[in-house]
Amino acid sequence: MDKSLKSALPSLGSFLTGFGSESVVLRMAAPIATVHDITALQYALQEKKRYPIVFAEKPILSDGRESAFPVVCNLTASREVTAAALGVEDHRAFAKTYASAVGSPIAPLVVSRDEAPVQEVVQHSDEVNLLDLPALTQHVGDPGPYLTAAHATTYDPDTLVDNVAIQRCWVKGAAAMSYFPYPATHNARNMRKFWERGEDCPIAFWIGHHPLVLMGTQAKMGYPESHLSAAGGLLGQPLRVAPSVTHGERILVPADAEIVIEGWVPKDTFGPDGPFGEYTGYLGPQMIAPTCEVTCITRRQNAIYHDYGSGLDDMLVPDNMVMEGKLYAMVAQVAPSLVNVHVPTSGRRFHAYLQFDNPAQGEARDGLMAALSYRRVKTAIAVNTDVDVFEETDMLWALATRVQWDRDSIGVSGLSGSMLDPSLPKGARTTSKLGIDATLPPGEGAGPSPSLPRSRVPEDALERARDLLKSHSAEEWPLG
Amino acid sequence: MTETGSGTGGAAMTEKRGNTCWVQCPKCSAWHHVAPDLLRSTHVKMHCPSCHFEFFAAEAQAVIDP
C-alpha cells in the first residue's frame, strides 16, 4: 500500500500533525512518570484553565523503564480543539452539527490486514506484555495502571452487529486485566448473551484514533446498532476497518488505530476492580468485574498510546459534547424553539443547559422533561437566547431573577440515573431529578416583552470603552 | 417541629446518611472502599491498593458498613 496515502488517512497521528504548533500541543521531551506525574500535569494545566494536547515523549513506567511508546493525553480537553476536529469553527455550534452527522451513518469499509497500519506489528500470546504499554496510574488510591481510552468492541451474537464503548481496564499482568462494562451498557448485554450460551465473550480493545472516530464511536445508539457506522457519519467517509487477528471478521477493528488488544472475557470469571477515579471527581469503590485474557496485541510500528484523564476535562469535554448532540436531537423533537444545549463540565455529566428562542407556553417544560429522560441528566435548566448557556454566571443570574421555585421547578423521582452519583442513598437503583424553567414569559404580538428590560449600556459606548482599554495592561489590576 | 422535606418519608427521607463501605487490610492496615456486592462476596477477594494483598471481607481487620 502507498505509505503516503496511509499517512493522509484520518488517524491520531494525522490529527496531531494538523495541530503541530506549540500553542496547541505541549511536547514534553523530558522523562515523566506514568505513575501520577502525567495526570498531575493535566491537573496543573487545568488549574491555569489551559488545555493544550500533551505529548509525553519519554514516559517512565512503574518499574523504571522508559516506555517504547509516547503518551498523548488532553487530546480533547479543549472544546475549541475538539470542535475544530469536526470542522466546527465555534464550539458552541457543535451540538447541532454532531446530531446531524451522526444521524447520517456511513457503513465502514473493510480492508485487508496488510492494509491496516494497526497490524504492522503483531504479537501473539507469549510475546504479549501489557506492562510494556505506558498505561497511567492516575489518582491516589487507584490500585495500578489503567487503560482509560480502550474502546471495547464486542458484537451481538444474535445479529452480529458491533458495539463500541470506552470501558476501563486495570492492567494486572502481562496478559491479564480486569474489564469493567457498566451493567446497563450494550457491551455488558453482549457479554451476558455469550455467557448464557456457555461461551466466553470475544473482545478487542482499540486505542488511539482521530477525535472524530473517538466521538463517533461514543454516539448513543439503540441496541443493536453499529458505532462504526456512526463514526463514518462523523468522518463524512467510511471508517476503514480490518479483521482482528484473533476473531477475524467477527470483530472488525479500526485499521488506522494505534494499538489493538485482543482476547476473551471468560464466562463467569470475576475479580476486584478499582478503586478508580471516576468522572464524578470522586474515587469510585472497588467493585466486582469480569476479567480479560489477552491473546494478541497489534500496533503501528511507531504507535502512540492515548490516555483519557478520568474526571478531568480531557474526558468530560468530548463525552459532554457528544451528550449535547444527543440531547439536541431528543429535545428538539418536542420543543422546536430549542436553539442550543450545553452540558457543562462543572456538572460532570449531570447538568444540561437548554437555550430556547421565545418558547411557547409549556414548551420549555416539555423540553426539560425530554432532557431529564436522558439517563445521566439529573438537572436541566431552560433559558432564553439572551442568556449565554456557556457562561455559568449568566446561568446563575437567570436562576436568581427568572425563577419562582414553586412555579418553575419540576421534581421527578424514580428515574434511571447514574449509579456513580455519590449522593445516591445506599442501595438506591433510581434517582431524583429536577427541571428548572428559567425562561421569560413568551411575548405577545409585536409589542415589548412583558418582562423587565435588561440593564445595558449602548453598544457603541461599549466599543469605545473596549478601545480605551486596549492601551492599558490588565495584568496588574486586582482580580475579582 | 414540622418536616419540610418533600415526599412521605419524614426524617427518613431528609436525613443524610453515609453510603460508602470501607475495609481495613489485614496485612498493612490501610483502608479502602468497596461496593456492597464485593463486601458480601464469598468468591471474589478484595485487593488492597496499598500493599496488593488479597482478602475476603471476613478476614478484614475492620469493616465500616453504614
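**Entry 1, one residue.** I looked up Glu475(A) and found it exposed, at a relative accessible area of 74% (exposed is over 50%, buried under 20%, partly exposed in between, with a 1.4 Å probe and protein chains only). Glu475(A) sits in the segment after α13 (459-469) of chain A. From Glu475(A) to Leu12(A) I read 463 residues in sequence and 37 Å in space, C-alpha to C-alpha.

Residues are numbered from 1 along each chain, and chains are lettered from A.

Chain A averages a pLDDT of 93, and 98% of the residues score at least 70; pLDDT is the predictor's confidence in each residue, from 0 to 100. Residues 1-7 of chain A fall below 50. Where pLDDT is low, the predicted coordinates should not be read in detail.

I noted 13 helices and 26 strands in chain A (DSSP runs, helices H or I of at least four residues, strands E of at least two, numbered from the N terminus). Buried residues are 54% of the 480 in chain A. The C-alpha atoms fill a box of roughly 75 × 55 × 45 Å along the principal axes.

Which angle do α9 and α10 of chain A make? Helix α9 (residues 313-334) and helix α10 (residues 363-372) pack at about 145°, with axes 8 Å apart; axes are lines fitted to C-alpha atoms over the stretch in contact, and angles run from 0 to 180 degrees between N-to-C directions. The contact (heavy atoms within 4.5 Å) includes Leu327(A) of α9(A) and Ala370(A) of α10(A).

Methods:
This is a predicted model: local features need pLDDT of at least 70, side-chain atom pairs count only at pLDDT 80 or more; totals for chains, interfaces and linings use all residues. Side-chain values use heavy atoms; hydrogens and water are left out.
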